[in-house]
Amino acid sequence: MINELRSITTFVRTVELGSLSKAAEAQEISPQAASKALAQLESYLGVRLFHRTTRSMALTEEGQRFLEAAQPSLIGLQRALESARQSREEFSGP
């Protein structure tokens, strides 16, 4: 489940930032790792999410549908993680 979550995060960040290399940088992973994450997600889903060329990436129709379905849930998960971290910090304070 964690690998899928990382792959989905890479996918969403790639769309948001407009490039795989920027998404990799934002996640502090290598571009190769980001590319592998996207390939694994596409393999897992059985669809292509991007039309790729050496100069650009554009969402496929399936990619657009997946983004619309996944992005709200990913934002909710990120908020839940941040809330849990803040709670931990409050309880571990002086």
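## Contacts of E42

Leaving aside its neighbours within four places in sequence, E42 is in contact with V47, R48, L49, F50 and R52, where contact means heavy atoms within 4.5 Å. The model is predicted, so that local features need pLDDT of at least 70 and side-chain atom pairs count only at pLDDT 80 or more, while totals for chains, interfaces and linings use all residues. Residues are numbered from 1 along each chain as its sequence is written, and side-chain values use heavy atoms, with hydrogens and water left out.

E42 lies in helix 3, residues 31-45; helices (H or I, at least four residues) are DSSP runs numbered from the N terminus. The side chain of E42 reaches the backbone nitrogen of F50 at 3.5 Å.

Apart from neighbours within four places in sequence, L38 is in contact with T10, F11, T14, L20, F50, R52 and M57. L38 and I8 are 30 residues apart in sequence, and from C-alpha to C-alpha they are 7.9 Å apart in space.

L41, likewise in helix 3, is buried with a relative accessible area of 3%. Not counting residues up to four places away in sequence, L41 touches S7, I8, F11, L49 and F66. Between L41 and R6 there are 9.4 Å in space, C-alpha to C-alpha, and the two are 35 residues apart in sequence.

## Aromatic residues

The structure holds two aromatic pairs, a pair being rings of Phe, Tyr or Trp (its six-membered ring) whose centres lie within 6.5 Å, with planes under 30 degrees apart counted as stacked, over 60 as edge-to-face and the rest as tilted. The rings of F11 and F66 have centres 5.5 Å apart and planes at 55 degrees, so this pair is tilted. Because F11 lies in helix 1 and F66 in helix 4 (residues 61-91), the pair ties together parts that are 55 residues apart in sequence.

Both F11 and F66 are buried. Together with F50, the residues F11 and F66 form one aromatic cluster.

A pocket is defined on a 1 Å grid over the protein atoms alone, as an open set of points where a 1.4 Å probe fits, with protein on both sides within 12 Å along at least five of seven lines; its lining residues have an atom within 4 Å of a point. The largest pocket has a volume of about 190 Å³, volume being the space filled by probe spheres set on the points, which are joined across faces, edges and corners. Its lining includes G18, S19, L20, S35, L38, R52 and M57, and by class this lining has three nonpolar, six polar and two charged residues. Here Ala, Val, Leu, Ile, Met, Phe, Trp, Tyr, Cys and Pro count as nonpolar, Asp, Glu, Lys and Arg as charged, and the others, Gly among them, as polar.

The second largest pocket has a volume of about 160 Å³ and is lined by N3, R6, S7, T10, Q27, I29, A33, K36, A37 and Q40. Helix 1 (2-17) and helix 3 each supply at least two residues of this lining, which divides into three nonpolar, five polar and two charged residues.

How values were computed: Polar contact = N/O pair within 3.5 Å; in protein donor to acceptor, adjacent residues only side chain to side chain. Buried < 20%, exposed > 50% of the residue type's maximum accessible area, 1.4 Å probe, protein only.
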